[in-house]
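Here is a short briefing to read with the structure open beside you.

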Amino acid sequence: MQEQQFDQVAEALALADVLGEPAELHGQLCGLACIMGVEAAGPAWVMDLLADSAVGESGLELARDRLATSASTTLESMQSGDMSLKLGLPGDDAPLAERAEALAHWCQGFLHGLGISASQDRYAEAESTAEIVSDFSEISRAAFEPGDDESHEESEAAYAELVEYVRVSAQLAFEELRALREHTGDGEPH
């Protein structure tokens with residue numbers, strides 16, 4: 001499923017002739033959902049991604065539909081509360097270094113979606129989210145360097161554990177920031 005999200009975003013970007021890292025943009029969608037709620041995040045994300053596209057209307061409409069479908073699937077899983085969120089990352093057949101780099105991009109996109117550059121004050125009451133922001137910031141700067149003493153299996157296991165941590169953390173941030181969205185009038189109705 002996470003590979004499907006990655007591929008849908010990549011195909012839509014290619015259709016619209018828009019440059020971007022699919023994993024990063026999927027992370028951005030999830031970060032936006034934490035702040036804006038699911039009703040507003042999807043349309044805002046699609047509009048932002050396609051704002052500078054110069055392709056014809058038919059290509060733009062197809063890209064818009066694919067992005068909206070990907071956004072809908074992602075946002076429904078976030079809102080469900082059953083921890084079913086899948087990160088938009090390359091599949092297991094991609095080299096580990098490529099998947100690790102995509103995970104770093106995903107975290108960077110998530111932080112961008114949260115609006116980290118604007119103000120971190122909004123997370124003062126959300127202790128878990130503040131910790132997640134710090135962790136994702138570290139992950140977004142990390143570089144994959146396989147250790148000489150680590151086996152391929154150990155590297156794969158470490159990557160899988162990190163993906164699971166990011167996935168659960170993004171869902172937790174969404175849940176923790178629900179009160180903020182409702183208090184400020186953003187996001188879902190009460």
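**Briefing: charges, rings and loops**

Helices α1 (2–15) and α5 (96–114) each supply at least two residues of the negative patch. That patch of negative charge sits on the surface and gathers Glu3, Asp7, Asp93, Glu98 and Glu101. Please keep in mind that this is a predicted model. The protein has eight helices and zero strands, and buried residues make up 43% of its 190 residues.

**Overall layout**

- Read along the sequence, the pattern is α-α-α-α-α-α-α-α.
- Helix α5 comes up under several of the topics below, and glutamate 101 of the negative patch is found in this helix.

**Aromatic pairs**

- The structure holds three aromatic pairs.
- One of them joins tryptophan 106 and phenylalanine 110, whose rings are stacked, with 5.5 Å centre to centre and 15° between the planes.
- Tryptophan 106 and phenylalanine 110 are separated by about one helical turn, because they are four residues apart in helix α5.
- Are these two residues, tryptophan 106 and phenylalanine 110, buried or exposed? Both are buried.
- Tryptophan 106 also forms an aromatic pair with phenylalanine 136, and here the arrangement is edge-to-face: the centres are 6.3 Å apart and the planes are at 75°.
- Tryptophan 106 lies in helix α5 and phenylalanine 136 in helix α6 (residues 127–141), so this pair ties together parts of the protein that are 30 residues apart in sequence.
- Taken together, Trp106, Phe110 and Phe136 form one aromatic cluster.

**Salt bridges**

- How many salt bridges does the structure hold? There are seven, among them the three described here.
- Arginine 66 forms a salt bridge with glutamate 11, and their closest N and O atoms are 3.4 Å apart.
- This pair links distant parts of the chain, since arginine 66 is in helix α4 (residues 57–80) and glutamate 11 is in helix α1, 55 residues apart.
- Arginine 66 counts as partly exposed because its relative accessibility is 32%.
- Glutamate 11 is partly exposed too, with a relative accessible area of 41%.
- Glutamate 57 forms a salt bridge with arginine 64, with the closest N and O atoms 3.7 Å apart.
- In that pair, arginine 64 is partly exposed, at a relative accessible area of 32%.
- Aspartate 92 forms a salt bridge with arginine 99, and the closest N and O atoms are 3.7 Å apart.
- Which residues are joined with Asp92 into one network? Arg99 and Glu156 are, through salt bridges that share partners.

**Loops and backbone details**

- Aspartate 17 has a positive phi of about 55°, although it is not a glycine.
- Where does aspartate 17 lie? Its place is the loop between α1 and α2 (22–36).
- Aspartate 17 is exposed, because its relative accessible area is 62% and the cut-off for exposed is over 50%.
- Methionine 83 likewise is not a glycine and has a positive phi, of about 60°.
- The loop between α4 and α5 is where methionine 83 is found.
- With a relative accessible area of 29%, methionine 83 is partly exposed.
- Alanine 51 is found in the loop between α3 (38–50) and α4, and it is exposed, with a relative accessible area of 55%.
- Alanine 51 and alanine 16 are 35 residues apart in sequence, and their C-alpha atoms are 9.9 Å apart in space.

**Worth a look in the viewer**

- For the aromatic cluster, pick out Trp106, Phe110 and Phe136.
- For the negative patch, bring up the surface and find Glu3, Asp7, Asp93, Glu98 and Glu101.
- For the salt-bridge network, select Asp92, Arg99 and Glu156.
- For the link between helices α1 and α4, show glutamate 11 and arginine 66.

Conventions: Residues are numbered from 1 along each chain as its sequence is written. This is a predicted model: local features need pLDDT of at least 70, side-chain atom pairs count only at pLDDT 80 or more; totals for chains, interfaces and linings use all residues. Side-chain values use heavy atoms; hydrogens and water are left out. Patches are made of residues with over 30% relative accessible area and no salt bridge: like charges are joined within 9 Å, nonpolar side chains (Val, Leu, Ile, Met, Phe, Trp, Tyr) within 5 Å. Accessible areas come from the Shrake-Rupley method with a 1.4 Å probe; for residues, only the protein chains shown count as cover. A salt bridge is a side-chain nitrogen of Lys or Arg within 4 Å of a carboxyl oxygen of Asp or Glu. Lys and Arg count as positive and Asp and Glu as negative; His and the chain ends are not counted. The place of a charge is taken as NZ of Lys, CZ of Arg, CG of Asp or CD of Glu. Rings of Phe, Tyr and Trp (its six-membered ring) pair if their centres lie within 6.5 Å; planes under 30 degrees apart count as stacked, over 60 as edge-to-face and the rest as tilted. Buried means under 20% relative accessible area, exposed over 50%, partly exposed in between (1.4 Å probe, protein chains only).
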